[in-house]
Each structure stands twice: as structure tokens, then as C-alpha cells.
Amino acid sequence: MLVNGYTPSEAMIYWYLRWVTYKTKGIWDVRPSIWLMVKTLRLSRPTILRWIEKLEQRRLIDIDRWYKIKNTYYIVDMRMYPACCDRDDSDWD
């Protein structure tokens with residue numbers, strides 16, 4: 001992603017959403033709170049909100065916004081930036 005001109009913060013947020021999607025067994029809609037992203041990524045709330053909007057404009061994620069409820073984030077195309085190595089959880093048992 002960095003080679004394509006994305007900032008490190010933008011890449012961190014995108015990969016965090018991909019990681020949450022992976023950890024929820026591939027469910028396409030994830031609902032991490034902004035507070036959780038702030039604590040996990042150690043970025044400020046305005047930074048996260050700004051880059052989430054940029055990721056949406058670049059069509060990497062899609063967002064369903066809800067009033068007073070957590071937003072739902074969708075990774076548009078999981079094949080666009082594939083992980084370096086896809087592992088199966090059964091390999092680690």
C-alpha cells in the first residue's frame with residue numbers, strides 16, 4: 001500500500017479492518033469502535049476519522065453509518081491488497 005502512495009496511518013487503519021475481518025472468520029461486515037481503533041493503533045480520533053473517510057473515497061472500504069450505533073465497515077475487495085502469507089488457524093494447534 002505504501003508503494004501506491006498511501007500514508008502509514010491509512011495503511012494501518014485498512015489492515016486493522018482486514019485483520020478484524022479475518023479474526024471474525026471472514027464475515028464481511030465488521031463493527032470495531034473508533035475508541036478501540038484509537039487504543040489499538042495509537043492514533044488520534046481525528047486522524048482515524050480522516051483516514052477512514054479517505055479510504056472510503058478511494059473505494060477500499062464501504063461504510064454503513066448509523067446514528068448513535070457503531071458504523072459497519074466493509075472491505076470492498078479482499079484481493080486488492082492480499083496478505084503476505086495466508087495461514088490456516090489449524091496449523092497453529
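Tutor: Start with the whole chain. Of the 93 residues of the protein, 33% count as buried. Keep in mind that this is a predicted model.

Student: Which elements does the protein have, and in what order do they run?

Tutor: The protein has three helices and three strands. Read from the N terminus, the elements run α-β-α-α-β-β. Contacts tell you how the chain comes together: among those with a separation of 6 or more, 56% are between residues 24 or more positions apart.

Student: What do I look for in a nonpolar core, and which residues touch the most other members here?

Tutor: Look for buried nonpolar residues joined through their side chains. The largest nonpolar core here has 20 residues, and those that touch the most other members are Ile-13, Leu-17, Met-37, Ile-48, Ile-52, Ile-61 and Tyr-73.

Student: Which elements supply this core?

Tutor: At least two residues each come from α1, α2 (34-41), α3 (45-57), β2 (61-64) and β3 (72-75). Helix α1 gives the most, with five residues.

Student: Met-37 is in α2. How do I read the sides of a helix like that?

Tutor: In α2, Ile-34, Met-37 and Leu-41 are buried. They cover an arc of only 55° around the axis, so they sit on the same side of α2. Trp-35 and Lys-39, on the other side of α2, are exposed.

Student: What do the buried residues of α2 pack against?

Tutor: They pack against α1, α3 and β3. Look also at the residue just after α2: Arg-42 takes a positive phi of about 55°.

Student: How do I read a strand?

Tutor: In a regular strand, side chains alternate between the two faces of the sheet. Strand β2 is a case to follow by eye.

Student: How many bridges join β2 to β3, and do the strands run parallel or antiparallel?

Tutor: Four bridges join β2 to β3, and the two strands run antiparallel.

Student: Why does the pair of Glu-10 and Arg-58 tie together parts that are apart in sequence?

Tutor: Glu-10 lies in helix α1 and Arg-58 in the loop between α3 and β2, so the pair ties together parts that are 48 residues apart in sequence.

Student: Are Glu-10 and Arg-58 buried or partly exposed?

Tutor: Glu-10 counts as buried, at 0% relative accessibility. Arg-58 counts as partly exposed, at 39%. Not counting residues up to four places away in sequence, Glu-10 touches Trp-51, Lys-54, Leu-55 and Arg-58.

Student: Which residues form the other salt bridge?

Tutor: The side chains of Glu-56 and Arg-65 meet at 2.9 Å, N to O.

Student: How do I read pairs of aromatic rings, and how many are there?

Tutor: Check the separation of the ring centres and the angle between the planes. The structure holds two aromatic pairs. Tyr-14 and Trp-15 are 5.7 Å apart, centre to centre, with 85° between the planes, and this pair is edge-to-face. Tyr-14 is buried, with a relative accessible area of 0%, whereas Trp-15 is partly exposed at 31%.

Student: Which residues form the tilted pair?

Tutor: Tyr-16 and Trp-19 form it, at 6.1 Å centre to centre and 35° between the planes. These two residues are three apart in helix α1 (residues 8-23), so about one helical turn separates them. Tyr-16 is buried, with a relative accessible area of 7%, and Trp-19 is partly exposed, at 47%.

Conventions:
Residues numbered from 1 in each chain as written. Predicted model: local features only at pLDDT ≥ 70, side-chain atom pairs only at ≥ 80, totals over all residues. Heavy atoms only, no water. Phe/Tyr/Trp six-rings, centres within 6.5 Å; stacked < 30°, edge-to-face > 60°. Buried < 20%, exposed > 50% of the residue type's maximum accessible area, 1.4 Å probe, protein only. Contact = heavy atoms within 4.5 Å. Core = buried A, V, L, I, M, F, W, Y, C linked by side-chain atoms within 4.5 Å. Salt bridge = Lys/Arg side-chain N within 4 Å of Asp/Glu carboxyl O. Arc of directions from axis to C-beta. Pairing = 2+ DSSP bridges.
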